[in-house]
Amino acid sequence: MHRQAYVFLCLTTLFWGGNAVASRLAVGHVSPMMLTTLRWIIGCALLAAFAWPHLRRDWPAIRPKLPLLAALGTLGFTGFNAVFYSSAQFTSAINIAIEQGAVPMVIFVANFVLFRQRVSFLQIAGFVLSLVGVALVASHGEFSRLLDLDVNFGDALMLVAVLLYAGYTVGLRLKPNIHWLSLMFVLSFFALLASLPLVAWEIATDRLIVPDFQGWMVVFYVVLFPSIFAQTLYIRGNELIGGNRAGLFINLVPIFGTLLSIVILREAFFTYHAVALFMVLGGIWMAEHGGRKLASR
């Protein structure tokens with residue numbers, strides 16, 4: 001079960017690492033809110049054909065949980081992606097990828113505060129190590145900039161995105177026990193509804209960019225891989241090993257995102273990026289090792 005969860009979660013983070021690159025490739029070719037809306041229009045259309053039989057069977061369990069599912073789809077799917085793609089207008093794909101490593105830290109805190117979920121010493125140590133790594137990237141290698149609140153606007157947006165996705169992950173433990181296709185369709189449907197006011201705002205403020213050829217390639221990538229495949233695998237990974245441990249694998253996003261950014265976008269890689277990656281990777285190893293020991297007890 002652990003090995004299956006690890007494969008699912010590694011594939012998830014690979015696709016999300018590619019999403020950081022896609023967000024930069026989208027700049028100037030499709031606007032952030034248009035990209036978010038198209039992502040869920042196409043995603044819902046693809047899911048509907050397969051999810052309908054399961055939806056009919058699962059509807060009695062879904063109906064009382066509609067407010068929760070609406071909140072999860074709005075926060076985790078639309079809110080996160082709208083802020084995520086907006087941040088790419090102002091910061092690098094490497095920074096975006098590494099800063100996603102803050103998600104597990106927020107999950108730890110939220111699970112402890114809301115559900116009094118136990119954590120081990122190694123999990124706390126991994127939490128702190130990852131926190132320092134993310135802070136190193138957000139400050140561009142100069143911790144003093146954090147004290148002066150001198151943080152790039154795009155990096156600040158990514159921290160908002162981190163809060164949104166961590167809230168979504170914590171909320172998944174309250175989801176109804178239904179087929180994954182039913183869950184994905186309902187979440188995607190509410191994500192689509194939540195994205196419509198955002199694209200309307202882009203139109204009203206003359207910020208809309210209709211996708212060109214490169215824009216459409218980005219759209220199709222984010223629909224299939226970071227959206228449908230990754231979200232499905234992430235939900236299954238949560239079911240297998242729990243939110244605290246599954247959330248830690250988000251720390252692999254910096255690894256994949258950084259490598260893809262260097263290879264595809266030819267972005268500059270600085271010493272502080274290497275140090276931060278070492279901290280984030282060390283943090284996930286320590287915390288996962290501690291999580292397995294705690295689960296076995």
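Student: Which helix gives the most to the lining of the largest pocket?
Tutor: α3 does, with 3 residues. Keep in mind that this is a predicted model.

Student: Which other helices supply at least two residues there?
Tutor: Besides α3 (66–87), they are α2 (32–62), α8 (153–171) and α9 (180–204).

Student: How much space lies in that largest pocket?
Tutor: About 280 Å³. There are 16 lining residues, and P32, M33, S86, Q89 and W201 are the closest to the centre.

Student: And what's the lining like by class?
Tutor: It has 10 nonpolar residues, 4 polar ones and 2 charged ones.

Student: How many cavities of 30 Å³ or more are there?
Tutor: The search of the whole structure finds 2.

Student: Which residues line the largest cavity?
Tutor: W16, N19, R39, F80, N81, F84, Q100, Y165, P226 and Q231. By class, that makes 5 nonpolar, 4 polar and 1 charged. α3 gives the most here, with 3 residues.

Student: And which residues line the second largest cavity?
Tutor: W16, F80, Q100, V103, Y165 and I250. Of these, 5 are nonpolar and 1 is polar, with no charged residue.

Student: New topic. How many residues are in the largest nonpolar core?
Tutor: It has 75. L35, L69, Y165, Y168, Y234 and I241 touch the most other members. Helix α10 (residues 213–241) gives the most to this core, with 11 residues.

Student: What does I241 touch, not counting residues up to four places away in sequence?
Tutor: H2, A5, Y6, L9, A246 and F249. Another core, of 7 residues, lies apart from the largest one, and I94, I98, Y272 and L277 are among its members.

Student: Last one: H54. Buried or exposed?
Tutor: Buried, because its relative accessibility is 18% and the cut-off for buried is under 20%.

Student: Where does H54 lie, and what is it in contact with beyond its neighbours within four places in sequence?
Tutor: H54 lies in helix α2. Leaving those neighbours aside, H54 is in contact with H179, L181 and S182.

Notes
Residues numbered from 1 in each chain as written. Predicted model: local features only at pLDDT ≥ 70, side-chain atom pairs only at ≥ 80, totals over all residues. Heavy atoms only, no water. 1 Å grid on protein atoms, 1.4 Å probe; cavity = no way out; pocket = protein on both sides within 12 Å on 5 of 7 lines; lining within 4 Å. Points joined across faces, edges and corners; volume = space filled by probe spheres on them. Helix = DSSP H or I, 4+ residues; strand = E, 2+ residues; numbered from the N terminus. Nonpolar A, V, L, I, M, F, W, Y, C, P; charged D, E, K, R; others polar. Buried < 20%, exposed > 50% of the residue type's maximum accessible area, 1.4 Å probe, protein only. Contact = heavy atoms within 4.5 Å. Core = buried A, V, L, I, M, F, W, Y, C linked by side-chain atoms within 4.5 Å.
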